[in-house]
Amino acid sequence: METLLLGAGLLLGAYVLVYYNLVKAPPCGGIGSLRGRTAVVTGANSGIGKMTALELARRGARVVLACRSRERGEAAAFDLRQESGNNEVIFMALDLASLTSVQAFATAFLSSEPRLDILIHNAGISSCGRTRETFNLLLRVNHVGPFLLTHLLLPRLRSCAPSRVVIVSSAAHRRGRLDFTRLDCPVVGWQQELRAYADSKLANVLFARELATQLEGTGVTCYAAHPGPVNSELFLRHLPGWLRPILRPLAWLVLRAPQGGAQTPLYCALQEGIEPLSGRYFANCHVEEVSAAARDDQAAHRLWKVTKKLAGLGPEDDPDTDDEQEPRDPRAPSSLSAPSPEKTTISGPSRSYQGSQDLSKVTQRRIHVKDEPTP
């Protein structure tokens with residue numbers, strides 16, 4: 001009996017050491033009040049995104065939940081308004097798998113919201129599920145969609161500078177190896193999905209690195225953030241039904257709660273003084289070195305150009321370093337206002353707006369940011 005008790009005590013002690021040293025996330029500090037500022041959080045209807053949005057709302061920000069499901073997005077907005085006491089939490093429809101939806105979201109946002117101070121790319125998938133597309137769905141949702149959304153919202157971010165872009169990545173980027181000849185090929189089978197997920201997370205890190213170079217001196221900074229091992233829907237969503245009841249208790253014991261997973265993205269969004277670290281990769285609320293593939297500036301620049309094509313941004317969208325951008329009135333109507341078949345609805349406590357977007361108009365828009373090849 002004594003041996004059993006001793007063994008149980010040792011196991012408990014080992015668990016406590018592992019939990020508090022490897023699992024439990026350090027709390028985020030940063031800016032205390034966000035009143036008068038606006039944040040967009042993608043995939044904010046559950047998990048890390050919802051906890052991130054909750055903390056931003058508690059600090060007084062106007063928070064836009066950019067989610068694919070209207071029902072779940074509006075329910076999450078209601079929950080967050082109740083829990084935070086902040087009525088400035090609204091839902092807007094966004095499906096990152098659809099470039100048309102991304103454009104419609106950008107139109108609706110730019111036409112209705114005068115500010116954008118924080119953009120957090122949290123939404124992502126780890127598997128294609130039963131969906132079969134003619135393109136790489138994981139790359140589209142985890143990288144290409146966020147890339148396009150960032151480009152479309154850059155004018156508003158710049159006009160509200162200092163502002164920040166946070167891209168939720170993963171330690172899985174260390175297993176990524178980008179093959180530019182097959183970057184957008186369809187993914188079939190769980191082995192290809194594991195590889196494609198790691199590749200998309202590597203793309204996130206490279207995107208943050210190149211975006212920081214492009215935006216140097218503009219007042220817009222960007223960061224890649226690893227949330228850590230988190231017990232979220234991303235972990236359980238695509239498991240077989242019979243396996244979920246077995247793994248749920250284990251996940252609860254050894255993985256972070258979504259609130260813990262939100263701490264590093266929040267740190268990147270709110271911590272003062274990290275502007276010189278723009279483009280870097282953060283984990284556990286501090287800078288962490290990345291794999292050699294994630295430090296390849298030539299690959300980052302090549303990925304930038306390839307992703308522009310995948311996102312439907314043509315040569316006319318190349319940044320022009322010779323032109324100076326004129327100050328933009330954040331309350332001025334957006335030029336992205338041409339009609340199109342797809343519409344996006346904004347839902348809040350007492351507001352509704354429908355916006356639309358024409359792809360041909362988007363690809364004609366010039367985004368004036370620094371675009372010089374990095375050494």
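A word on the source. This is a predicted model: local features need pLDDT of at least 70, side-chain atom pairs count only at pLDDT 80 or more, and totals for chains, interfaces and linings use all residues. Residues are numbered from 1 along each chain as its sequence is written, and side-chain values use heavy atoms, leaving out hydrogens and water.

Now the overview. The protein has 12 helices and 10 strands. These are DSSP runs, numbered from the N terminus: helices are H or I, at least four residues, and strands are E, at least two. Of its 375 residues, 51% count as buried. Buried means under 20% relative accessible area, with a 1.4 Å probe and protein chains only; exposed is over 50%, and partly exposed lies in between.

Next, strand β6, residues 220-226. All 7 of its 7 residues are buried, so β6 is largely enclosed by the rest of the structure. In a regular strand, side chains alternate between the two faces of the sheet. Here both faces are covered. V220, C222, A224 and H226 are on one side; T221, Y223 and A225 are on the other.

What pairs with β6? Pairing takes at least two DSSP bridges between the strands. R164 stands opposite T221. Strand β7, residues 281-283, also pairs with β6 in the parallel sense, over 3 bridges. There, A224 has Y281 as its bridge partner.

On to helix α4, residues 99-112. Its 14 residues, at 1.5 Å each, should span 20 Å, and its end C-alpha atoms are 20 Å apart, which agrees. The expected span is 1.5 Å times one less than the number of residues. Of those 14 residues, 12 are buried, so α4 is largely enclosed too. Among them are F105 and F109.

Those two return in the largest nonpolar core, which has 62 residues. Such a core is a set of buried Ala, Val, Leu, Ile, Met, Phe, Trp, Tyr and Cys residues joined through side-chain atoms within 4.5 Å. V40, F105, F109, L153 and V165 touch the most other members. Helix α5, residues 137-159, gives the largest share, 12 residues. A second, separate core of 35 residues includes L34, F91, V166 and V168.
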